[in-house]
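Here are my notes after a pass through this one. Have it open beside you as you read.

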Amino acid sequence: MDIIQIVIIGIIASILYIILKDINASYAFLLVVITGIMIFLVVIKEIGAIFRLIESLGTKANVDGMYMKTILKIIGIAYIAELGANLTKDAGLASVAAKIEMAGKIFILLLAIPIISALAEAIMRFVSSV
């Protein structure tokens with residue numbers, strides 16, 4: 001499925017939402033959730049190719065596999081947190097969406113700590129050798 005099909009799905013869902021929101025708001029919201037999940041599932045298949053490319057580049061650059069896995073996890077957390085926050089915003093729960101975004105950022109920071117530590121150690125080794 002390419003971008004044109006995804007855009008068509010989004011446009012059709014938007015038109016149906018406009019029609020349904022006055023008739024039954026619950027069904028309209030369910031339509032938004034299902035559409036968002038459908039698009040996310042289609043895109044997640046494509047993200048697999050990107051992940052394989054990043055792993056391949058890491059292998060070629062002789063980067064420790066732990067760092068590459070951590071980067072891929074961080075990317076996954078960012079996308080999942082954004083999807084969850086957008087769905088809750090669509091439901092009118094901006095406060096909950098903000099908490100989801102904050103939780104995503106905290107988890108990303110927790111995963112990044114080993115990378116930040118390794119970077120700081122490398123900088124200190126470089127500075128002390130000069």
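1. How are α1 and α2 oriented relative to each other? Roughly antiparallel. This is a predicted model, and in it the two helices, α1 (residues 3-23) and α2 (residues 25-60), pack at about 170° with axes 7 Å apart. The cut-off for calling a pair roughly antiparallel is over 145 degrees, so this pair qualifies.

2. Next, who touches whom in that pair. On the α1 side the contact includes I6, I9, A13, L16, Y17 and L20, along with K21 and I23. Facing them from α2 are A25, Y27, A28, F29, L31, V32, T35, M38, I39, V42 and V43. By class, the contact of α1 with α2 comes out as 17 nonpolar residues, one polar and one charged.

3. The other pair I looked at is α3 with α4. Their axes cross at roughly 175° and come within 8 Å, so α3 and α4 are also roughly antiparallel to each other. The residue classes in the contact of α3 with α4 are 19 nonpolar, four polar and three charged.

4. On charge pairing: side chains of opposite charge can pair when their charged atoms come close. The structure holds one salt bridge, and the partners are E101 and K89, with their closest N and O atoms 3.1 Å apart. E101 sits in α4 and K89 in α3 (residues 65-90), so the bridge ties together parts that are twelve residues apart in sequence.

5. Now the annotation. An unreviewed UniProt entry gives "transmembrane region" at residues 6-23, 30-54, 66-85 and 106-127. I checked two of these spans against the model. The label itself comes from the UniProt record.

6. Last, confidence. Mean pLDDT for the protein is 87, with 99% of residues at 70 or more. Which helix has the lowest confidence, and which the highest? The lowest is α2, at a mean of 84, while α4 (residues 94-129) is highest at 92.

Technical notes: Residues numbered from 1 in each chain as written. Predicted model: local features only at pLDDT ≥ 70, side-chain atom pairs only at ≥ 80, totals over all residues. Heavy atoms only, no water. Axes fitted to C-alpha atoms, helices over the stretch in contact; angles between N-to-C directions. Helix = DSSP H or I, 4+ residues; strand = E, 2+ residues; numbered from the N terminus. Parallel < 35°, antiparallel > 145°, perpendicular 65-115°, else oblique. Contact = heavy atoms within 4.5 Å. Nonpolar A, V, L, I, M, F, W, Y, C, P; charged D, E, K, R; others polar. UniProt positions renumbered as here; feature names shortened; annotations may be inferred. pLDDT = per-residue confidence, 0-100. Salt bridge = Lys/Arg side-chain N within 4 Å of Asp/Glu carboxyl O.
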